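Please take a moment to look over the sequence and the model that follow, and then read on slowly. The paragraphs below move from the chain as a whole to a few of its side chains.

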Amino acid sequence: MSIDNASQLIKPLRIAVLVSGSGSNLQVLINAMQAGALPIEIVGVISNREDAYALTRAKDAEIPVVVLSHVASGKRMGIKTFETHASSQLASWQPGLIVLAGFMRVLSADFIDNAAAPMINLHPSLLPVYKGLDTHQRAIQAGERHHGCSIHVVTAELDAGTVLTQALLEINQKDTADSLQERVQKLEHQLLPWTILLLAKGALSLKDNSSSHQKNTFLPALPLKLYLND
Ligand code: GRF
């Protein structure tokens with residue numbers, strides 16, 4: 001059997017994606033899946049906003065979507081209700097991995113611990129610095145030389161799980177929060193598929209424990225870093 005035939009026999013990693021906004025990172029995954037560049041199948045997308053452009057991207061790719069709007073008919077959907085619906089939807093899709101890509105609600109420990117699959121999140125800073133919001137502005141204000149993005153295991157503590165991978169750049173003197181966001185987003189679009197490839201191939205482990213990573217792979221210590229200055 002040729003190597004090509006053998007690689008076609010590898011079962012794709014089933015991925016569910018949670019979004020709130022534009023979905024440019026989702027689009028990168030859709031493109032890679034459709035091009036056969038990543039061994040993945042995006043089995044569904046959940047959005048907490050009905051106006052998220054990510055939904056259009058998913059529908060155009062014929063991926064099932066579910067909207068669990070945080071404001072439906074003027075009434076706010078509590079996080080517990082969101083989680084109850086999201087849990088059963090995720091369970092029905094049977095994902096091997098759940099990806100939070102620009103998903104802007106904070107999830108409970110109960111939801112995370114009982115989710116249908118391990119969860120990773122894309123965060124626009126070099127964790128552990130600049131958890132939370134407005135990361136680009138804060139990095140500039142602090143006079144940082146470097147900035148970037150991280151992919152980490154989701155745990156109950158916000159932006160605090162094991163950092164798997166990072167991509168970094170140098171902040172330019174003329175960078176504004178907007179220009180930096182744009183530059184970092186280009187990094188995200190490379191970091192996310194690269195990380196998912198490592199997970200799909202089993203080179204990275206999602207056990208929230210970097211010593212298990214050290215034992216099971218030839219890769220250097222976490223986080224794996226890409227330096228991608230433009
Ligand atoms: C990304 O910049 C990510 O870092 C942040 O939200 C943004 C999502 O962008 N958490 P998109 O919806 O994938 O375009």
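Among contacts in the chain between residues at least 6 apart in sequence, where contact means heavy atoms within 4.5 Å, 63% join residues at least 24 apart. This is a predicted model, in which local features need pLDDT of at least 70 and side-chain atom pairs count only at pLDDT 80 or more, while totals for chains, interfaces and linings use all residues. Residues are numbered from 1 along each chain as its sequence is written, and side-chain values use heavy atoms, with hydrogens and water left out.

The secondary structure of the chain comes to eight helices and ten strands; helices (H or I, at least four residues) and strands (E, at least two) are DSSP runs, numbered from the N terminus. Of the 230 residues of the chain, 47% count as buried, a word that here means under 20% relative accessible area, whereas exposed means over 50% and partly exposed lies in between (1.4 Å probe, protein chains only). The chain exposes about 11800 Å², and carbon and sulfur atoms supply 51% of this area; accessible areas come from the Shrake-Rupley method with a 1.4 Å probe, and for residues only the protein chains shown count as cover.

How many salt bridges does a search of the whole structure find? The search finds five, a salt bridge being a side-chain nitrogen of Lys or Arg within 4 Å of a carboxyl oxygen of Asp or Glu. One of them joins Arg-14 to Glu-41, with the closest N and O atoms 3.7 Å apart. Because Arg-14 lies in strand β1 (residues 13–19) and Glu-41 in strand β2 (residues 40–47), the pair ties together parts that are 27 residues apart in sequence. Arg-14 is partly exposed, with a relative accessible area of 31%, and Glu-41 is partly exposed as well, at 36%.

In another salt bridge, the side chains of Asp-51 and Arg-49 meet at 3.0 Å, N to O; Asp-51 counts as exposed at 55% relative accessibility, while Arg-49, at 33%, counts as partly exposed. Are the partners buried or exposed where Arg-183 pairs with Asp-175? Their side chains meet in a salt bridge of 2.6 Å, N to O, and both Arg-183 and Asp-175 are buried.

Finally, turn to a loop. Pro-128 is found in the loop between β7 (119–123) and α6 (135–141), where Pro-128 is exposed, with a relative accessible area of 65%. Pro-128 and Ser-150 are 22 residues apart in sequence, and their C-alpha atoms are 9.1 Å apart in space.
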